[in-house]
Amino acid sequence: MEIPYTVEVRRDTGLTNGRIGIWLFLASEVMLFGALFASYILIRTGAVSWPRGDTILDVPLATFNTLVLISSSVTMVMAWASLMRHRFGTFRIYMGLTILFGFVFLTVKYFEYSHHLHIGEVPSTNNFLAIYYTLTGLHMLHVAGGMAVNAYLWGPGAKLWQTNPQWFTNRVEHSGLFWHFVDLVWIFLFPTLYLL
Amino acid sequence: MATTTNDHAADIDRHVRVYITVFVALMVLTVITVAISRVHLSVPLAVTAALLVATVKGSLVACYFMHLISEKKLILAVLALTVVFFVVLIALPVATHSDGFWMR
């Protein structure tokens with residue numbers, strides 16, 4: 001049975017099902033991270049003292065990672081724009097770069113985590129580290145999930161371009177929306193955890 | 001995004017120029033965020049400045065990379081409702097600590 005409204009828009013919503021679906025999912029994600037940010041505020045404002053993030057965390061590494069993630073957002077949107085121009089080869093390059101940037105981001109986080117764990121800074125050490133590991137850990141899972149979808153669209157999923165290019169373009173667009181959301185979350189995590 | 005894959009292909013070149021401009025703006029704002037943190041401001045001022053710059057950056061990503069600026073009203077309505085709940089969620093812990101924390 002064919003999936004309805006993957007390419008043509010529904011008359012009642014004026015949207016494809018995929019687009020409204022991804023936005024509803026992102027709305028739920030806003031609430032998920034919102035709950036954690038609210039917890040952060042509650043814990044921090046209730047604490048007698050709270051360390052500045054830059055006294056514990058590596059700001060230059062995190063700044064580098066911020067620039068990497070922003071770059072990945074640009075390559076993601078350029079991948080979609082390439083499909084809109086019917087340039088599949090260029091799409092592959094930009095999508096490949098997006099996956100690569102995601103990999104660089106996770107690698108840097110791996111080194112950050114390794115350093116903290118090596119010197120005994122674990123989630124149970126204090127509330128700051130507990131919220132740091134929780135927020136960045138959940139964010140990393142999102143980066144990994146986005147990379148998996150992007151890798152599928154770069155590899156085996158790209159076959160759809162041959163049979164239904166518009167549906168494939170829509171899939172890339174939806175994956176891109178998720179990826180930009182992941183970037184957006186980091187834009188707030190970076191100053192909150194590392195700089196304040 | 002409001003455009004579909006069928007139409008507006010001619011506008012893509014213009015969009016790409018916007019993406020590059022936004023990309024440069026995001027890079028500059030990231031540097032500004034770090035620079036502000038090097039200036040030792042009071043907690044309320046530091047929080048306000050950092051969140052202000054982050055909000056500008058987030059808005060750029062949402063409006064241009066996620067194309068919210070030209071999105072359908074239904075999506076905007078869904079997000080408006082989300083923002084309301086998000087603000088309530090954040091306001092609750094802030095309100096419980098309105099007795100001095102933000103003055104320190």
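On chain B of this predicted model, a nonpolar surface patch of about 490 Å² is formed by B:Leu81, B:Val84, B:Phe85, B:Val88 and B:Leu92. Such patches are built from residues with over 30% relative accessible area and no salt bridge, with nonpolar side chains (Val, Leu, Ile, Met, Phe, Trp, Tyr) joined within 5 Å and like charges within 9 Å. Accessible areas come from the Shrake-Rupley method with a 1.4 Å probe, and for residues only the protein chains shown count as cover. B:Phe85, one of the patch residues, lies in helix H3 of chain B, which spans residues 73-96. B:Phe85 counts as partly exposed because its relative accessibility is 49%, where buried means under 20%, exposed over 50% and partly exposed in between (1.4 Å probe, protein chains only).

Chain B as a whole has three helices and zero strands, in the order α-α-α along the sequence; helices (H or I, at least four residues) and strands (E, at least two) are DSSP runs numbered from the N terminus. Of its 104 residues, 38% count as buried, and chain B exposes about 5900 Å², with carbon and sulfur atoms supplying 75% of this area.

The size of an interface is often given as the accessible area lost when the parts come together. Chain A and chain B bury about 4600 Å² between them, 79% of it on carbon and sulfur atoms, where buried area is the accessible area (1.4 Å probe) lost on putting two parts together, summed over both. In chain A, the residues that lose the most area to chain B are A:Trp23, A:Thr45 and A:Met84, together 14% of what that side buries. Contact here means heavy atoms within 4.5 Å, and each chain contributes as follows.

| Chain | Residues in the contact |
|---|---|
| Chain A | 52 residues |
| Chain B | 53 residues |

Between the two chains there are two salt bridges, each a side-chain nitrogen of Lys or Arg within 4 Å of a carboxyl oxygen of Asp or Glu. B:Asp13 forms a salt bridge with A:Arg85, in which the closest N and O atoms are 2.4 Å apart. On the side of chain A that touches chain B, two or more residues come from each of helix H1 (17-46), helix H2 (59-84) and helix H6 (165-195) of chain A, and H1(A) gives the largest share, 17 residues.

Residues are numbered from 1 along each chain as its sequence is written, and chains are lettered from A and ligands numbered from 1 in the order in which they are written. Local features need pLDDT of at least 70, side-chain atom pairs count only at pLDDT 80 or more, and totals for chains, interfaces and linings use all residues, while side-chain values use heavy atoms, with hydrogens and water left out.
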